[in-house]
Amino acid sequence: MGAKLVMKVLFTINSDVDNEWQRWRNNEELDFPTHILWGATHLSRYGIYVDILPYEKYVGLKKLGYSLKLGDLDQQVRVLQQHSQYDLVYSSGQTGSILLSVLRGLGLFKTPIAVKLERPFRDNLWNRILIGILVRGHDKVFCLSKRLYNQLKDDFNISESKLELLEWGADLEAYEIERQDSGESPTEKVNGSFVMSAGNTQRDFNTLVTAFEGIDYSLRIYCSGNVAPSVNIPPNVCVQYKHPTEGRTLTFKEILLEYQKAFLVAIPLVIPVGMEDYTNSFGLTSLLEAMAMGKAVVMTRNKQIDIDIEKERIGLWVAPGNVQEWQQAVTYLLEHPEETQAMGERSLHLCKQKYNLENYSAKLATFLKDAQK
């Protein structure tokens, strides 16, 4: 049961989650973690009714909007048709509310708007204009990282009254599968296990596979075809990138079982030279999944991710594209299984303590109510 209704929110998400949203609303069995719906599933607990706008209706408008740098015109036009029924519009990315923010800044759009942003901006004339429009026309700006929050505040002189830090978290309930502990020691688990790596966006599997040419241990990669490794695949590496019935690598339940059996999780990322300060928070989803499953991680350093895996003692960073560092980090953890196991335990504890969907949703609810004032 949710709390007494205090507001209605129309939510635009910049990815197609229509099927997932409908399955959740219909109380059907889920094969996904609900954090991919960015808090929509939990807001009723705080008296907030949510409708997620279907991702796509007018394909031509969507293409036109992006070509004119006006964002997702398809979604924004439909918001204009419906917004009077809601107390607030919540956009999960700037592409869903650029035009709306212009209209609101001009006083032509009366419904409050909140937006979630994920990556820093280059400090140039276009971005100063864009951010000026975004901030003027949005009642609240939610920053997924401290780096973005500080950049908007310090470099773009945005008032802190407009900004909120909103760190994402995992749907821990979705990862609660029966723990299959064979009673083996950490060393025995190493000898009978594998390193797992899964992901579909900005993945540097070529560097990871090349590193495993020099590591006497198994690596399993689950990915989409467009990021699958193109280098020679050594015998100790298995790559799977198509599920026979669902068009994806593994079902969510299948991937949980792989996480459970894995000794550690590798998250190799493509971070282009010169983009280290401006890239998106790539890898965050995989990191949260590894934490929710209680696994240590080795990960390409991404400045946009607030969770410092070395400071928190849950894993090791490697530099982008550095084969030698991958070999050193993975080998170290393989040779220190007790330490790796302790990293995984700390990882799950940190997720339960801070980086979880309940915490995210509670903060989001507070911020949305503030934006309505």
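**Rings, charges and cores**

Mentor: Happy to! Let's begin with a charge and a ring: the charged end of R119 sits over the ring of F121, 5.7 Å from its centre. Please keep in mind that this is a predicted model.

A search of the whole structure turns up seven aromatic pairs. One of them joins Y175 and F252 edge-to-face, with 5.4 Å from centre to centre and 80° between the planes. Y175 belongs to the loop between β6 (163-165) and α7 (186-191), while F252 is in helix α9 (residues 252-261), so this pair ties together parts that are 77 residues apart in sequence. Y175 counts as buried, because its relative accessibility is 1%. F252 is buried as well, at a relative accessible area of 9%.

Ring pairs also link F11, Y90, F142 and F367 into a cluster. Y90 leads us on to the largest nonpolar core, which has 63 residues; Y90, L287, M291, I307 and L368 touch the most other members. Helix α13 (residues 357-372) gives the most to this core, namely seven residues. As for L287, if we leave aside neighbours within four places in sequence, it is in contact with I267, V297, M299, I305, I307 and I309. Finally, there is a second, separate core of 26 residues, and L208, A211, A329 and M343 are among them.

Conventions:
Residues numbered from 1 in each chain as written. Predicted model: local features only at pLDDT ≥ 70, side-chain atom pairs only at ≥ 80, totals over all residues. Heavy atoms only, no water. Phe/Tyr/Trp six-rings, centres within 6.5 Å; stacked < 30°, edge-to-face > 60°. Helix = DSSP H or I, 4+ residues; strand = E, 2+ residues; numbered from the N terminus. Buried < 20%, exposed > 50% of the residue type's maximum accessible area, 1.4 Å probe, protein only. Lys NZ or Arg CZ within 6 Å of the ring centre and 35° of its normal. Core = buried A, V, L, I, M, F, W, Y, C linked by side-chain atoms within 4.5 Å. Contact = heavy atoms within 4.5 Å.
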